[in-house]
Amino acid sequence: MPAERRPWTRRELLVALGLYLRVPFGQISQRNPEIIRHAALLNRSPAALSMKMGNLASLDDSLERSGLRNASQSDREVWAELQADWSRTAEAIAEANEAVGAVLQSDDESQPIGNGQDVLVETKVRRGQALFRATVLSAYQNRCCITGLADPRLLNASHIVPWRDDPSNRLNPRNGLCLSALHDRAFDRGLITLDVDYRLLLSPQLKERNDDFVSISFIRYEGNQIALPDKLAPDHGFLTLHRETIFVG
């Protein structure tokens with residue numbers, strides 16, 4: 001059967017889903033090098049893979065614009081699985097990528113400590129973290145949403161509700177922000193947060209410092225709305241929890 005008429009397997013759908021999460025919406029094109037590379041691994045055409053990603057986009061209610069309207073029942077099922085359990089689906093995406101030779105590397109190059117089950121758990125954590133980081137950074141066009149800094153080496157995929165506090169949403173990109181390492185630290189310590197309109201709020205503890213660096217790095221951005229992502233916008237519920245339980249008001 002010709003590749004383009006061959007039904008999509010679950011593994012192929014998971015690879016397409018993972019790629020959809022990692023590629024900015026405006027870059028879903030058959031000319032995108034990443035799509036071309038993954039299409040070859042799947043024995044599909046770049047046009048077919050980009051169309052499948054468009055079908056998945058039509059199911060994403062975080063988008064202000066919709067994708068194609070040809071999503072299949074299988075597309076809907078894998079999308080529903082993702083919404084129901086981000087962690088489990090992230091692991092399934094990682095396994096599907098490995099099976100076709102499209103491994104997503106984590107920025108953490110250290111080796112797992114221990115053996116057996118410890119290594120398995122550590123590997124799963126790193127797989128999930130790698131996908132979470134790639135998804136969050138791509139949603140924000142690889143720029144800090146506060147400052148616009150565009151060097152990925154200095155960017156973090158920051159959790160809104162901390163990793164330790166909500167295991168079920170550890171890998172949910174709507175629980176993430178793309179922040180510079182400095183602003184990630186400040187957000188984690190509750191020195192900054194976002195209001196209901198995604199505007200930057202500063203803690204009085206930060207504002208009271210008579211420091212030129214603080215003025216340049218934080219005070220100049222106070223009250224500004226962050227650059228919102230093209231998909232997977234931060235969840236208001238997570239931001240409310242951050243304001244109420246972490247922010248030092």
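The model is predicted. The chain has 249 residues, and 47% of them are buried. Its secondary structure comes to 10 helices and four strands.

**Overall fold**

- From the N terminus, the order of elements is α-α-α-α-α-α-β-β-α-β-β-α-α-α.
- Take the contacts in the chain with a separation of 6 or more: 65% of them join residues 24 or more positions apart.
- The chain exposes about 12900 Å². Carbon and sulfur atoms supply 49% of that area.

**Nonpolar core**

- The largest nonpolar core holds 63 residues.
- Six members touch the most other members: Y20, L49, M53, I146, L177 and I192.
- Helix α1, residues 10–22, gives the largest share of this core, with seven residues.
- I146 has contacts beyond its neighbours within four places in sequence. Its partners there are L179, H183, I192, L200, Y221 and I226.

**Helix α2**

- Helix α2 spans residues 33–42, and its buried residues are I35, H38, A39 and L42.
- These buried residues fall within an arc of 105° seen down the axis, so they line one face of the helix.
- An α-helix has 3.6 residues a turn, so residues three or four places apart point the same way.
- The face turned away from the buried side carries the exposed residues P33 and A40.

**Helix α10**

- Helix α10 spans residues 236–245, with F238, L239 and H242 buried.
- The three cover an arc of only 100° around the axis, which puts them on the same side of α10.
- Exposed E244 and T245 sit on the face turned away from that buried side.
- The packing partners of the buried residues are helix α7 (181–188) and strand β3 (192–194).

**Rings and charges**

- The chain has one aromatic pair.
- R44 places its charged end over the ring of W8, 4.3 Å from the ring centre.
- K231 lies over the face of Y20, at 4.1 Å from the ring centre.

- R126 is found in helix α6, residues 117–139.
- Why does R126 count as buried? Its relative accessible area is 13%, and buried means under 20%.
- R126 and E91 are 35 residues apart in sequence. Their C-alpha atoms are 9.8 Å apart in space.
- S50 lies in helix α3. S50 is buried because its relative accessible area, 14%, falls under the 20% cut-off.
- S50 and A16 are 34 residues apart in sequence, with 8.4 Å from C-alpha to C-alpha.
- Beyond its neighbours within four places, S50 is in contact with I28, S29, Q30 and I35. Of these, I35 is one of the buried residues of α2.

- Most residues other than glycine have a negative phi.
- N43 has a positive phi, near 60°. N43 lies in the loop between α2 and α3.
- N43 is exposed because its relative accessible area is 51%, and exposed means over 50%.
- N142 also has a positive phi, near 55°. Its place is in the loop between α6 and β1 (155–159).
- N142 is partly exposed, with a relative accessible area of 30%.

Terms used:
Residues are numbered from 1 along each chain as its sequence is written. This is a predicted model: local features need pLDDT of at least 70, side-chain atom pairs count only at pLDDT 80 or more; totals for chains, interfaces and linings use all residues. Side-chain values use heavy atoms; hydrogens and water are left out. Rings of Phe, Tyr and Trp (its six-membered ring) pair if their centres lie within 6.5 Å; planes under 30 degrees apart count as stacked, over 60 as edge-to-face and the rest as tilted. A charge sits over a ring if NZ of Lys or CZ of Arg is within 6 Å of the ring centre and within 35 degrees of the ring normal. A nonpolar core is a set of buried Ala, Val, Leu, Ile, Met, Phe, Trp, Tyr and Cys residues joined through side-chain atoms within 4.5 Å. Buried means under 20% relative accessible area, exposed over 50%, partly exposed in between (1.4 Å probe, protein chains only). Helices (H or I, at least four residues) and strands (E, at least two) are DSSP runs, numbered from the N terminus. Contact means heavy atoms within 4.5 Å. Accessible areas come from the Shrake-Rupley method with a 1.4 Å probe; for residues, only the protein chains shown count as cover. The arc is that of the directions from the helix axis to the C-beta atoms.
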